[in-house]
Amino acid sequence: MKFSIVKNGQTCLLAILCVLASACNPDEFFPVEEFLTGEDAYCYEAKDLNSCETRVDRCQPAYLESDAETTDPALEKEFLVCIANPNPAPIDDGSTTSGTDGGSTTGGTDGGSTTGGTDGGSTGGSDPAPQPEPVPTLEDALANKCQNMSSEYLWEKTEMKKGKVLGKTSKVKVCHSTGNGSAHTIVIACPALKAHIKHKQAEDYLGACF
């Protein structure tokens with residue numbers, strides 16, 4: 001009887017110690033936190049295809065990479081993650097720069113004042129518009145190991161615990177031709193670009209699909 005009581009007491013003590021050890025385990029209180037950059041952080045909140053598509057003005061779905069020869073739509077598109085849309089649809093708020101109903105316009109043709117005249121007066125906006133950076137090719141990205149690229153082409157995630165960086169995940173966005181006349185965005189590791197270059201998919205390009 002005495003042995004049984006002692007054994008039960010040891011079991012209870014062991015259970016209490018296990019609970020305390022679990023409570024003191026930093027993994028319980030400091031789970032890994034993930035941080036994404038830019039608009040991707042907003043889009044990442046959409047965890048499925050439907051919720052991603054409701055954010056179509058700012059986000060678009062990216063899919064798992066599939067065989068380029070796949071013709072089955074069910075296999076062709078399997079949702080992976082929601083990413084920032086580089087070409088959001090313009091928002092029509094009803095206002096326009098110029099009117100055709102006799103209202104005010106930026107530049108008139110009836111002898112009224114104009115922003116820039118042709119009679120030797122001063123003109124504005126003579127500075128040339130800045131030229132956009134050339135889009136790197138898949139070969140460029142692979143050769144540079146996807147380093148020093150615009151965030152427009154990358155999907156980056158940082159894992160942290162207790163304020164310390166545990167690791168970083170950097171993947172590249174590619175508009176992938178499926179081989180049946182359609183294309184969709186995929187997010188892949190940089191070394192996987194080699195397969196896309198090898199397959200000579202001329203339609204594939206860096207960045208999300210337009």
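**Notebook: core and disulfides**

The model is predicted, and local features need pLDDT of at least 70, side-chain atom pairs count only at pLDDT 80 or more, and totals for chains, interfaces and linings use all residues. Residues are numbered from 1 along each chain as its sequence is written, and side-chain values use heavy atoms, with hydrogens and water left out.

**Core**

I then looked up the largest nonpolar core, which has 14 residues. By nonpolar core I mean buried Ala, Val, Leu, Ile, Met, Phe, Trp, Tyr and Cys residues joined through side-chain atoms within 4.5 Å. Buried is under 20% relative accessible area, exposed over 50%, and partly exposed in between (1.4 Å probe, protein chains only). Cys 146, Met 149, Val 172, Val 174, Leu 193 and Leu 206 touch the most other members. I noted α6 (138-143), β5 (164-177), β6 (183-189) and α7 (193-198) as the elements that give two or more residues to this core. Helices (H or I, at least four residues) and strands (E, at least two) are DSSP runs, numbered from the N terminus.

**Disulfides**

I found 4 disulfides in the structure, a disulfide being a pair of cysteine sulfur atoms within 2.5 Å. With the bonded cysteines of the protein chain numbered in sequence order, I read the pairing as 1-3, 2-4, 5-7, 6-8.

I checked Cys 43 and Cys 59, which are joined with S to S 2.2 Å. The link connects distant parts of the chain, from Cys 43 in helix α3 (residues 39-43) to Cys 59 in strand β2 (residues 59-63), 16 residues apart. Cys 43 is buried at 0% relative accessibility, and Cys 59 is buried at 2%.

I went on to Cys 52 and Cys 82, joined with S to S 2.1 Å. This link is right-handed, with 80° about the S-S bond. Cys 52 is in helix α4 (residues 49-53) and Cys 82 in strand β3 (residues 79-84), so the pair ties together parts 30 residues apart in sequence.

Last I looked up Cys 175 and Cys 209, joined with S to S 2.0 Å. Their S-S torsion is about 100°, so the disulfide is right-handed. I noted both cysteines as buried.
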